[in-house]
Amino acid sequence: MLTSSQVLDLLNQQIGNEFSASLQYTAIAAHFEAEALPELAAFFYKQSDEERGHAYKFLKYVIDVGGRAAIPAIPAPICQFQFAEQAIALSLQREKEVTQQIHHILRVAISESDYTTQNFLQWFIEEQLEEVATMDHLLKVVQRAGEGGLLHVEQYLARKNQENQHDKD
């Protein structure tokens with residue numbers, strides 16, 4: 001094996017954390033869809049897909065270094081929110097928690113001179129910076145708009161999606 005059993009245990013935990021984040025984002029997306037807020041729903045469905053992709057990256061890495069996947073049980077997501085701000089704030093909190101979890105794995109890999117895992121985790125360190133910044137920005141937009149201004153948030157997200165598509169073309 002190319003890494004220690006302690007690092008493998010942490011990586012397997014992280015697979016569960018990523019799947020949990022994916023499930024939570026799906027629940028948030030479904031909430032916004034039920035509230036007739038399609039742009040917020042689409043945003044969170046996309047986030048769910050990204051988190052699931054992160055789980056697969058961790059899974060593949062565990063296998064590539066000679067480990068065995070041991071995907072932990074995932075707690076049920078929160079499905080109901082009184083205010084949109086609550087859902088976004090939960091998302092920001094979760095992204096900060098995932099960032100700390102990845103930092104912890106990195107600290108252990110550093111302490112064990114596990115350069116392969118350190119290198120693998122660098123992509124996630126950068127990704128988490130982007131994820132936290134995105135959720136923080138969205139939370140600020142929702143707070144500024146207020147519950148009565150969620151249609152403005154919808155317009156904002158639609159405009160951002162168009163800009164992103166234009167940048168890709």
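Okay, histidine 54: buried or exposed? Histidine 54 comes out at 3% relative accessibility, so it counts as buried; the cut-offs are under 20% relative accessible area for buried, over 50% for exposed, and partly exposed in between, with a 1.4 Å probe and protein chains only. The residue sits in helix 2. And what is histidine 54 in contact with, once its neighbours within four places in sequence are left aside? The list is Glu18, Trp123, Phe124, Glu127 and Glu131, where contact means heavy atoms within 4.5 Å.

Quick word on the source. This is a predicted model, where local features need pLDDT of at least 70 and side-chain atom pairs count only at pLDDT 80 or more, while totals for chains, interfaces and linings use all residues. Residues are numbered from 1 along each chain as its sequence is written, and side-chain values use heavy atoms, with hydrogens and water left out.

We have 5 helices and 0 strands, and reading along the sequence gives α-α-α-α-α. Helices here are DSSP runs of H or I with at least four residues, strands are runs of E with at least two, and the numbering goes from the N terminus. The C-alpha trace spans about 55 × 35 × 25 Å along its principal axes. Of the 169 residues, 43% are buried. And if you take contacts between residues at least 6 apart in sequence, 78% of them join residues at least 24 apart.

Now the helices themselves. Helix 1 covers residues 5–34, and its end C-alpha atoms are 44 Å apart, which agrees with the 44 Å that its 30 residues should span at 1.5 Å a residue. That expected span is 1.5 Å times one less than the number of residues. Helix 4, residues 115–145, has 31 residues and reaches 45 Å from first C-alpha to last, close to the expected 45 Å. Helix 4 also has a kink of about 30°, centred on leucine 121; the bend at a residue is the angle between axes fitted to the seven residues ending there and the seven starting there.

On to packing. Two packed helices are described by the angle between their axes and the distance between the axes. The axes are lines fitted to C-alpha atoms, for helices over the stretch in contact, and the angles run from 0 to 180 degrees between N-to-C directions. So how do helix 1 and helix 3 cross? Their axes come within 11 Å and cross at roughly 170°. That makes helix 1 roughly antiparallel to helix 3. The residues of this contact divide into 15 nonpolar, 8 polar and 3 charged. For those classes, Ala, Val, Leu, Ile, Met, Phe, Trp, Tyr, Cys and Pro count as nonpolar, Asp, Glu, Lys and Arg as charged, and the others, Gly among them, as polar.

Then there's helix 2, residues 38–64, with helix 5, residues 150–168: the axes come within 8 Å and cross at roughly 50°. Helix 2 and helix 5 are therefore oblique to each other. On the angle words, under 35 degrees is roughly parallel, over 145 roughly antiparallel, 65 to 115 roughly perpendicular, and the rest oblique. From helix 2 you have Pro38, Glu39, Leu40 and Phe43, meeting Val153, Glu154, Leu157, Ala158 and Asn161 in helix 5. The contact of helix 2 with helix 5 divides into 6 nonpolar, 1 polar and 2 charged residues.

Back to helix 3, residues 84–111, which holds glutamine 101. Glutamine 101 is at 27% relative accessibility, so it counts as partly exposed. Leaving aside neighbours within four places in sequence, glutamine 101 is in contact with Gln14 and Asn17. Histidine 103 is in helix 3 too, and with a relative accessible area of 26% it is partly exposed. Its C-alpha is separated by 34 Å from that of leucine 150, 47 residues apart along the chain.

Last bit: the loops. Most residues other than glycine have a negative phi. Which phi does alanine 36 take? Alanine 36 has a positive phi of about 60° although it is not a glycine. You'll find alanine 36 in the loop between helix 1 and helix 2, and at 58% relative accessibility it counts as exposed. Serine 113 is not a glycine either, and has a positive phi of about 55°. Serine 113 lies in the loop between helix 3 and helix 4, and it counts as partly exposed at 42% relative accessibility. And after helix 4 comes glycine 146, with a positive phi near 75°.
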